[in-house]
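This report describes selected pockets, strands and residues of one protein model. The sequence and the structure are shown first, and the account follows them.

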Amino acid sequence: MKGRLDESATYLLQWAEQRKDSIHLCCRKLQIQGLSKDAFIEIFKIIDANCVQELELSCIWEEELPFLNPYLRQMKNLLTLKLDDITEVTMDGDDLFDEKKRRKLISQLFSFYCLQNLYVDGTFAEGNMIECLRYLKKPLETLCLRYCFLSQTDLDYLPHCLNICKLKHLSLSYIYLFNLFLEPLGILLERVRDTLQTLELQLCGLTDRHFSVLLPALSQCSHLTKINFYENTISLPVLKQLLYHTANLSQLTQEQYPAPQECYDNMRGVETHRLGNICTELLDILRAKRQPERVAFATSRCIKCRGFLVYDLETQRCFFQH
């Protein structure tokens with residue numbers, strides 16, 4: 001953490017080094033927050049990189065990533081890669097990487113032969129997403145992109161990318177999609193309808209027109225177990241249409257929907273009683289087709305406290321949640 005090993009990790013490495021002839025230190029999950037080259041070198045003197053199955057890199061300058069490449073290439077069995085807050089520029093704002101260098105870096109960083117799960121938070125994927133997906137060696141099971149900008153070109157590429165044609169988990173939460181045409185995302189959902197299990201599109205700026213585009217494809221994803229559409233804008237008629245479609249998805253065990261616009265007054269305040277009545281009616285749509293397990297409807301977040309009102313199936317009442 002923050003470039004340093006804590007006391008227990010330091011002790012463990014020293015203990016293993018003293019017994020390296022008889023002890024094999026196996027690290028399945030390695031998290032690095034901030035990079036200290038000396039600490040990193042010490043770690044890989046002791047642990048076997050072949051054992052690392054999950055790697056999480058966070059709070060690292062992009063210029064530091066080439067240093068990691070010799071170690072990354074040793075991770076022959078890496079299944080999960082998480083990149084969080086990989087910063088492209090120095091503190092004074094200078095961009096150290098030209099396009100050629102960045103492409104080379106991406107080709108090295110995403111060329112793991114066993115990689116199944118990719119999580120990218122932050123701006124590292126901006127302008128690089130197509131390159132990142134192209135360099136993958138096999139189809140992903142999980143693709144999670146958050147807190148970044150996606151262009152229409154990026155979105156248009158997704159349904160044509162062979163490396164995400166067998167997705168089980170897709171998350172584009174916290175990516176603003178309001179200005180984009182979502183037909184390519186609908187095509188992608190159709191192509192992964194036989195494998196997709198979770199779909200998360202929280203706070204994406206989706207409106208009625210976006211949901212209408214996605215509905216035909218969504219209704220074909222019969223293996224979905226979890227959907228999350230929290231914090232998007234939807235009217236009651238379109239939300240009912242959405243529920244009529246998801247009511248036929250018998251594998252769903254967790255469903256998170258945005259509260260419809262009809263639950264708010266003219267000042268954007270939530271009418272709690274109306275929210276409860278509407279959600280009761282909405283739950284009946286699901287009950288008519290199947291026995292829902294975990295269903296919740298949530299309002300937009302309060303600007304002041306960042307919480308929101310939730311009405312869920314379990315309590316069948318409204319309550320405040322942070």
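## Terms and basis

On a 1 Å grid over the protein atoms alone, a pocket is an open set of points where a 1.4 Å probe fits, with protein on both sides within 12 Å along at least five of seven lines, and its lining residues have an atom within 4 Å of a point. Points are joined across faces, edges and corners, and the volume is the space filled by probe spheres set on them.

The model is predicted: local features need pLDDT of at least 70 and side-chain atom pairs count only at pLDDT 80 or more, whereas totals for chains, interfaces and linings use all residues. Residues are numbered from 1 along each chain as its sequence is written, and side-chain values use heavy atoms, with hydrogens and water left out.

## The second largest pocket

The second largest pocket holds about 240 Å³ of space. It is lined by 17 residues, and Tyr230, Gln256, Arg294, Ala296 and Asp312 are the closest to its centre. Two or more lining residues come from each of the strands E9 (254-258), E10 (294-298), E11 (308-312) and E12 (318-321); strands (E, at least two residues) and helices (H or I, at least four) are DSSP runs numbered from the N terminus.

This lining divides into seven nonpolar, four polar and six charged residues. In this scheme Ala, Val, Leu, Ile, Met, Phe, Trp, Tyr, Cys and Pro are nonpolar, Asp, Glu, Lys and Arg are charged, and the others, Gly among them, are polar.

Strand E11 is mostly covered, with five of its five residues buried, where buried means under 20% relative accessible area, exposed over 50% and partly exposed in between (1.4 Å probe, protein chains only). Phe308, Val310 and Asp312 point to one side of E11, while Leu309 and Tyr311 point the other way. In a regular strand, side chains alternate between the two faces of the sheet.

E11 pairs with E10 in the antiparallel sense over three bridges; strands pair if DSSP finds at least two bridges between them. Within this pairing, Tyr311 of E11 is the bridge partner of Phe297. E11 is also joined to E12 by four bridges, again antiparallel, and Phe308 stands opposite Gln321 in E12. The two strands E11 and E12 form a hairpin with five residues between them, and Gln316 in the turn has a positive phi of about 50°.

## Asn228

Asn228 belongs to strand E8 (residues 226-228). Asn228 counts as buried because its relative accessibility is 4%. Its side chain makes a polar contact of 2.9 Å with that of Gln202; such a contact is a pair of N or O atoms within 3.5 Å, and within protein one must be able to donate a hydrogen and the other to accept it, while residues adjacent in sequence count only if both atoms are side-chain atoms.

Not counting residues up to four places away in sequence, Asn228 touches Leu199, Glu200, Leu201, Gln202 and Gln256, contact being heavy atoms within 4.5 Å. Gln256 is also among the residues closest to the centre of the second largest pocket.

## The largest pocket

The largest pocket has a volume of about 520 Å³. Its lining comprises 24 residues, with Leu5, Ala9, Leu30, Gln31 and Ile43 nearest the centre. Helix H1 (7-18), strand E1 (29-33) and helix H2 (37-46) each give two or more residues to this lining, and E1 gives the most, with five. By class, the lining has 15 nonpolar, six polar and three charged residues.
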